[in-house]
Amino acid sequence: MEVVGRLILLTLLISSCLADLNLTESEDKSNCTASLGGASMSEVHNAMILKLNPDENCTWAIERPENNSVRIIFSHVELDPDGSCESENIKVFDGISTKGPLLGTVCSKNDYVPVFESSSNTLTFQIVTDPAVIQRSVFLFYYFFSPGTPIPDCGGYLDAFEGSFTSPNYPQAHPELAYCVWHIQVEKDYKIKLNFKEIFLEIDEYCRFDFIAVYDGPSTDSGLIAQVCGLKKPTFESSANSLTVVLSTDYANSYRGFSAFYTSIYAENVNTTSLTCFSDKMRVILSKSYLESFNYNENNLLLNDPTCRPKVSNVVEFSIPFDGCGTIKEAEDYSITYTNIVTVSPSSTSEVITRQKRLQIIVKCEMENNSTMEIMYITEDDIIQIQSALGRYNTSMAFFESSSFEKPVLESPYYVDLNQTLFVQASLHTSDPDLVVFLDTCQASPTSDLAPPTYDLIRSGCIHDDTGKVYPLSGHYGRFQFNAFKFLRSVSSVYLQCKILICNSNDPQSRCNQGCLSRRKRDISSYKWKTDSVIGPIRLKRDRSASGNSGLQQQLRAEESQNQPFNSLHLFSFMALALNVVMVATVTVRHYVNRRTDCKYQKLQNH
């Protein structure tokens with residue numbers, strides 16, 4: 001009976017809909033022959049089926065006196081598949097007319113279920129079709145809602161390795177007029193496998209009323225994988241490490257909803273083992289098929305610290321911190337190596353004999369550069385696999401507001417006053433507490449590529465600037481300060497580049513603990529890793545106001561430079577002309593005076 005009732009409601013032309021949905025003529029054309037159909041269950045929501053003809057141009061405005069927002073959902077759209085989005089589309093505007101802000105455009109090329117929300121109690125949408133003679137149909141429903149009263153357990157963010165979620169009230173009936181969005185994100189290099197244990201929503205061929213939309217990405221703007229409803233148990237898989245799931249319901253026929261769970265799937269194909277070194281940990285991936293070839297599984301795996309257990313999906317992963325799980329640190333000249341051992345042994349300890357080979361995987365991360373190498377040694381009796389990778393520490397450098405180094409400066413460029421004290425911090429991002437950061441060299445340059453001219457602030461750990469100060473060693477932070485300056489005969493920007501050394505904090509002979517060294521006393525002291533960090537630009541505050549008119553100023557300067565020779569020539573010509581006039585006038589006056597005193601006038605002869 002509910003389905004029959006739905007079909008009857010969809011075939012009725014609703015007069016109350018016209019009270020809430022004001023039909024207006026298009027601003028560009030006067031023809032709008034679209035037929036309306038749908039159901040009006042109350043004053044605050046409506047469903048409509050729009051049958052569209054060629055060359056339509058129709059505009060509808062939704063408005064109610066309540067101080068709520070409008071949500072409109074185009075759950076099924078059939079437009080010209082060969083038409084362009086410019087010639088045939090649906091445009092949605094925030095406000096009472098098409099002059100309001102454009103919320104979005106819908107056309108046949110869209111790969112998502114279009115949903116729009118107004119900022120107030122009015123919303124306008126306009127439909128334009130091209131001349132093609134084809135069947136067109138748009139199903140939409142809208143309702144008014146209060147953004148300040150969310151539905152409990154309706155959407156959220158899921159970032160665990162695996163997890164589960166359900167529709168609100170599950171297994172009871174889901175709420176009406178719900179729009180719930182779940183964002184799922186797992187670790188990099190993993191994909192997501194999403195399984196619906198149950199979907200029980202209203203049945204419809206096109207899933208127009210109640211539906212679940214699954215998107216392959218972090219938002220509803222990502223590509224649509226599927227739009228499902230009815231009674232189903234589907235499974236979906238993402239192409240990367242994020243998925244978005246939407247539940248949308250209308251105002252009638254509420255059922256159980258859904259129950260779903262997801263797991264992480266390692267995206268790369270690993271035949272045996274894989275090792276990746278990060279700034280604060282190492283990641284070991286073991287193929288399940290590789291373990292099964294020795295009649296082992298994840299329950300047989302142990303680290304140096306047996307309490308550290310792996311995560312299991314389509315692969316077995318150990319995430320081993322440098323400062324835990326029994327990891328051993330070895331410091332040698334110019335490098336630090338972190339080592340752990342994955343031991344695979346038979347599960348039964350009561351047996352006297354075994355016919356299984358003992359598998360031991362030694363993993364090492366040498367923190368020196370970002371290249372990677374793998375080596376495996378196999379003996380006849382036991383299998384000992386040694387995997388080593390060259391890793392890289394993660395460092396950064398930033399300006400801070402004061403000597404407390406609590407608040408970093410976020411603006412770029414960083415506008416400062418001339419001679420203002422600036423505070424710089426280089427940071428090492430690692431979990432190893434026994435490392436220390438040392439600022440070996442810091443240079444300033446007017447360009448980001450550190451081209452000449454350059455100015456040394458710190459050289460060989462020694463401060464070279466009269467206003468500078470290097471702070472004592474402070475664990476994972478290297479800090480110094482100096483007063484702002486600008487380069488002569490250059491632009492006002494200043495960039496900094498610092499060479500950062502990382503040492504063992506408990507090694508008194510390391511380069512970091514030696515501090516400032518003059519050029520004569522420098523030797524090959526031990527440090528574990530080095531890198532360069534660049535920050536900038538720094539600019540004077542007076543350049544901030546001028547920067548907005550820099551284009552006009554450059555144009556004026558160019559015009560002045562082009563017109564300068566012309567103006568100089570004019571000035572020279574004018575001065576020469578003026579001098580000639582003065583000379584002629586002087587001669588004329590003197591001649592006139594002489595003629596007047598020495599000669600008499602003569603009458604001109606008539607010819």
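I looked up D456 and found it partly exposed, with 22% relative accessible area (buried is under 20%, exposed over 50%, partly exposed in between; 1.4 Å probe, protein chains only). D456 forms a salt bridge with R459, closest N and O atoms 3.2 Å apart (a side-chain nitrogen of Lys or Arg within 4 Å of a carboxyl oxygen of Asp or Glu). R459 is also partly exposed, at 26%. I noted that salt bridges with shared partners join E88, D130 and R136 into one network.

The model is predicted: local features need pLDDT of at least 70 and side-chain atom pairs pLDDT 80 or more, while totals for chains, interfaces and linings use all residues. Residues are numbered from 1 along each chain as its sequence is written, and side-chain values use heavy atoms, without hydrogens and water.

I then checked R136 and D130, whose side chains meet in a salt bridge at 2.6 Å, N to O. R136 is buried at 2%, and D130 is buried at 7%.

Next I took E187 and K311, a salt bridge at 2.6 Å, N to O. E187 lies in the loop between β13 and β14 and K311 in strand β24, so the pair ties together parts 124 residues apart in sequence (strands are DSSP runs of E, at least two residues, numbered from the N terminus). E187 is partly exposed at 30%, as is K311 at 23%.

Last, I looked up E317 in strand β25. E317 is buried at 1%. Beyond four places in sequence, its contacts (heavy atoms within 4.5 Å) include E187, R283 and K311.

Methods: Helix = DSSP H or I, 4+ residues; strand = E, 2+ residues; numbered from the N terminus.
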